[in-house]
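Let's take a walk through this structure together, one stop at a time. Keep the sequence and the model in view as you read.

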Amino acid sequence: MMRAQMLHRLHAHPAAWDLIIVGGGATGVGVAIDAAARGYDVLLLEGSDFGKGTSSRSTKLVHGGVRYLEQGNIPLVMEALKERGILRQNAPHLVSNLAFIVPNYDWWEAPFYGLGLKLYNVLSGQYGFGPSQILSREDTLQRLPTINREGLRGGVVYYDGQFDDARLLINMVATAAEQGATLLNYCRVAGVTKDASGYIDGVIAREVESGDEFTARARVVVNATGPFTDAVRRLADPSLEAMIAPSQGIHLVFDRSFLPGDSAIMVPHTSDGRVMFAIPWHGHTLVGTTDTAIPEATLEPSAQEEEIEFILKTAGQYLHKAPSRADVLSVFTGIRPLVTAGKASNTAALSRDHTIRIDASGLLSIAGGKWTTYRHMAEDCVNQVATLGQLPERACVTRQLNIHGFHPHPEKFGQLSFYGSDAAAIRELMEKVPELTQPLTRELPYVGAEVVWAVRHEMARTVEDVLCRRTRALFLNAKAARQMTPGVASLMARELGYGADWERKQVVAFEQIARHFSLEAGAVAGGSGG
Ligand SMILES: Cc1cc2nc3c(=O)[nH]c(=O)nc-3n(C[C@H](O)[C@H](O)[C@H](O)COP(=O)(O)OP(=O)(O)OC[C@H]3O[C@@H](n4cnc5c(N)ncnc54)[C@H](O)[C@@H]3O)c2cc1C
């Protein structure tokens, strides 16, 4: 996974690729793994960094979706529960079992949720994460010492998966590369090429760092740009109707004192009828999410004032000590690429959860679904690609394909457990250069070796890449991440061969991004920082 090598592969490629994938989020990288593992010739182009979009901004749950169960959508729950099991099997270093407790304040809640969550576990079959159980008031308080005690009767515990979304994505990029795919971040697709019959046969892209434009040809172009799906579809045909209705969700991050145990809280019905979670994540407490329709997707969305107030208010109803704005360490916003019903007759809705659409130009777009089901989405997509591009038929192999970093006992690597098998090499780096064992801030556990590793082996190009998606510093604590900036810029400049000017520009650029994650900086949509 080295960028120079990837660029070389791109420019040395003589003929058309079997497929070009536009977009390096969970959907696009999932498709790249599947197609490359089947032996197809794959190029993936990501306009920003891998995971810059929604795929680094999720609730971090690998789950069947208790909400779908309530809606009676059993096939969808079963599919997601199966994918949950497959993902834990293939990436045990990143997916872990987490206990969720539904606190009960009314007499009917224990039998109602108790039964529903029993069904949830039964539906997972051989892929179960653990049986659900009704808890007494005392047991609930023992597991959730900070829960609001007033009127509490007890709770119901069930089990689901938790992960680090951006880290999984980076390991997925490595997996795709190991399977032979060529993947590039910072290569933005700005146009498409068509053959004599008006059928799409390639893309025109710009390498962001050099500004160089290039054309790459393919038998099939896959549009996996999530919230930006329509913008890419309109590169091929500006008259197309939208297929995406974007909706944003925010999360607030607090310190661990708000949820000190190892269990998460699941609130099945907030006042706006949604599910809300408070979960322990990387030694912090993550609370979310909201669902707010927005007119247009942007790459760096901002939380809206009402969303922040809503989460603070709801968290305050369930926590003994209500969190305030001053307690918010970070706020992050993601955009759901929700697929509209649409009228197009050539829509192949292979599951009710995701949609694959082939436009008249031959552009194949895949959107919707969720992180948990990315592998299944990719399998569906590559089956369609093979038909569309008349590629030799080959079976999908990703059910049994380990994700890069796979390790059966990652806990033995302590703080570096999320790197899985890569942790040993990072430790070696720390032994060789003891200076790299120094923490980059007192508030977070990250050390210099992780920065160097990210540049050398994970295609990190900017300070933002390191502080957002190779580590999760900005998502955990915006102030601490800002303190880390000069140190990270200096280490990166040394690795990449840049000077003081690059470092200065990186610090300024990161400040701009960090404003979107910090209430302190007033960076709220409609607020002073915009
Ligand atoms: C608030 C929230 C919480 C969620 N929580 C969960 C959860 O807990 N569990 C779960 O399973 N799912 C969850 N989801 C859903 C899941 O995160 C998404 O379904 C998934 O991340 C979508 O991935 P994607 O690759 O389709 O889109 P994205 O991750 O947005 O990727 C699209 C990529 O395309 C790139 N791009 C755009 N235009 C171009 C161009 N012209 N050229 C090149 N590249 C381009 C973008 O830079 C971006 O990186 C959540 C979603 C939201 C919004």
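In which helix is the place of Arg469? Look for it in helix 13, which spans residues 463-470; helices here are DSSP runs of H or I with at least four residues, strands are runs of E with at least two, and both are numbered from the N terminus. Before going on, note that this is a predicted model, where local features need pLDDT of at least 70 and side-chain atom pairs count only at pLDDT 80 or more, while totals for chains, interfaces and linings use all residues. Residues are numbered from 1 along each chain as its sequence is written, and side-chain values use heavy atoms, with hydrogens and water left out.

Back to Arg469: is this residue buried or exposed? Arg469 is buried, because its relative accessible area is 1% (buried means under 20%, exposed over 50%, partly exposed in between, with a 1.4 Å probe and protein chains only). The side chain of Arg469 makes a polar contact of 2.7 Å with that of Asp49, and another of 3.1 Å with that of Glu464. A polar contact is a pair of N or O atoms within 3.5 Å; within protein, one must be able to donate a hydrogen and the other to accept it, and residues adjacent in sequence count only if both atoms are side-chain atoms. Leaving out residues up to four places away in sequence, Arg469 also touches others, including Phe50, Arg167 and Tyr186 (contact means heavy atoms within 4.5 Å).

Now for Asp230, which sits in helix 8, residues 229-236. With 7% relative accessibility, Asp230 is buried too. If you skip its neighbours within four places in sequence, Asp230 is in contact with Glu241, Ala242, Met243 and Ile244. A polar atom of the Asp230 side chain lies 3.0 Å from the backbone nitrogen of Ile244.

Next, the ligand. Around it are 38 residues, of which Thr27, Glu46, Ser55, Leu61 and Thr372 come nearest; a residue is near if one of its heavy atoms lies within 4 Å. A backbone N or O atom of Leu61 is 2.7 Å from a ligand nitrogen. On the oxygen side, a polar side-chain atom of Thr372 lies 2.7 Å from an oxygen atom of the ligand, and a polar backbone atom of Trp371 lies 3.1 Å from a ligand oxygen. How much of the ligand's accessible area does the protein cover? The answer is 96% of the 1000 Å² that the ligand has on its own.

What about disulfides? The count is zero, where a disulfide is a pair of cysteine sulfur atoms within 2.5 Å. Take Cys381: its sulfur is 11 Å from the closest cysteine sulfur, in Cys396, so the two are too far apart for a bond. Cys381 is buried, with a relative accessible area of 0%.

Most residues other than glycine have a negative phi, and most peptide bonds are trans. Yet the peptide bond from Gly288 to Thr289 is cis, with omega near 15°. His282 is not a glycine but has a positive phi of about 45°, and lies in the loop between strand 13 (276-281) and strand 14. Gln390 has a positive phi of about 50°, and is found in the loop between helix 10 (374-388) and helix 11 (423-432). At 25% relative accessibility His282 is partly exposed, whereas Gln390, at 67%, is exposed.

Key
Areas by Shrake-Rupley, 256 points an atom, 1.4 Å probe, with all protein chains shown as cover.
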